[in-house]
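Have the viewer at hand and follow along.

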Amino acid sequence: MSAKASKLVRVVLAAAIAASGAIATTAVSVTTASASSVTSGQVSRSEILARAQYWYGKSIGYNQGGSYPDQQGAYYRTDCSGYVSMAWHLQTPGLNTQGLPGVATEIPRSQLKPGDILNSYYDHVILFEKWDDAAHTTFSYYSFGSTPVKHRTGVSISAPAFDSHPNGDYKAYRYNKVLDDVSTSWDVNQAVTASATGSTTRLNLIGSDGALYNTDGNYASGNWTNQWARLDGSALKAVTSVSLGNVVHVFALGSNGQVYGKDADYNTGGWSNWTEVPGGAAGATSLAASITGTTVHLQIVGSDGALYGTDGDYAGGGWSGAWGRLDGSGLKALTSVSNGNVVHVFALGADGRVFGKDADYSIGKWSNWAEVPGGAAGAKGLTASMIGNSVHLEIIGSDNALYNTDGNYSGGGWTGTWTKIDTRQMKSLSSTVIDNVMHVYGVGTDDHVYTIDANYNTGQWNNWVEVPGGAVATS
């Protein structure tokens, strides 16, 4: 899809719910982001990576005699050490590889954290992004050794060379004024989301660089695009989506838990830019979206662990401008699905048990939370899909495997059991339905993206298979 901007979509609070008084109007408490750093001052690790990502994806020519501005308009040298100097927010035009150790402290490689560097004193420097595995055997980094800025993932810490320079020439350093970020509890990974337009799944992923990626699978032809197109964004934490006709509305949490939206119009082939959902939400840890008619219902887990919602009519009413606080405490993750004028919201509680809550937009009322039967505990992720009047609910169990239960809203009730579907180790889930087949997508504990189908025409599940394109999701 081309990066063509589409008209910003405006969302309005559904009149039936607002009139009922069933949704309180208390806004989510706002967490103010820390101020940006000053030149050669203290700088957080997240800001270092955000500054590094500012040059990434741009057509900046490598030139030791050239320069390019940072976000504030200060010009830095367009080479490897100038790039690190820009990311660390040092004095312009930046230090060279021999000068960087003068503002840093050498550390063991095993202690590398986001925003540290591996520096080859006479030749090259790379900016460490993150470890790709718990054992610290592979890592990701940014580098400006040639045009354009590169982002490498899955690099062995024992590789013979990094960016064509011998491994043994590099030493690990930490900027003397770096600040560790305040820990935010992102208990559940929500790195993947799926929506369908016609017979095509539109699959969106938060990549290992924190940006949004997209690939499509056409189930009429059986073909995937076989590649993941990088869109934009940085430091995204969770993502959800919903389709309305041929438009997919993607919502994501930014690094501070703020809520943003971005649209893909498959009639025109254009994506809009990210815009913040009005209302001042910050510190959110999970989100879910569903749709009734032309109205999108967006829920978040707020910074206090409770459920909040804002609704909107995509026919053109504009954002409500506030998040209504519902109830709950200690919630960890959300998913939602619609059936007629009813939205079914499911959440993981603090102990990983699964609860449900319904919003009936015909009468403007929410139900109370009720535990989904079956005794699930320790769940680490969930997704829901609707086929007819039956909801199909999947979780990542305490053993990281996929489990399923079904609820018939025509009167059959819940099955009352959680059935283990597959043993593959997963950490993020999403799902969508095409022609009575539920397609479940997941990020494995290896950060690769997989899919598994439940065919409700035949009553059969298939096995997990990797989605083509070789994507690596955020950890």
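**Aromatic rings, point by point**

1. Across the whole structure, a search turns up 18 aromatic pairs. Keep in mind that this is a predicted model.

2. Start with Tyr 219 and Trp 224, an edge-to-face pair. Their centres are 6.2 Å apart, and the planes make an angle of 75 degrees. Tyr 219 is partly exposed, its relative accessible area being 29%. Trp 224 comes in at 18%, so it counts as buried, the cut-off being under 20%.

3. Trp 224 also pairs with Tyr 441: the ring centres are 6.2 Å apart and the planes sit at 85 degrees, so this one is edge-to-face too. What does the pair tie together? Trp 224 belongs to strand β16 (residues 223-224) and Tyr 441 to strand β38 (residues 437-444), so the contact joins parts that lie 217 residues apart in sequence. Both Trp 224 and Tyr 441 are buried.

4. Next, have a look at a cluster. Which residues do ring pairs link there? They are Phe 128, Trp 131, Phe 139, Tyr 141, Phe 162 and Tyr 170.

5. Arg 202 has its charged end over the ring of Tyr 266, at 3.6 Å from the ring centre. For Arg 424, the charged end is over the ring of Tyr 450, and here the distance to the centre is 4.1 Å.

Notes. Residues numbered from 1 in each chain as written. Predicted model: local features only at pLDDT ≥ 70, side-chain atom pairs only at ≥ 80, totals over all residues. Heavy atoms only, no water. Phe/Tyr/Trp six-rings, centres within 6.5 Å; stacked < 30°, edge-to-face > 60°. Buried < 20%, exposed > 50% of the residue type's maximum accessible area, 1.4 Å probe, protein only. Helix = DSSP H or I, 4+ residues; strand = E, 2+ residues; numbered from the N terminus. Lys NZ or Arg CZ within 6 Å of the ring centre and 35° of its normal.
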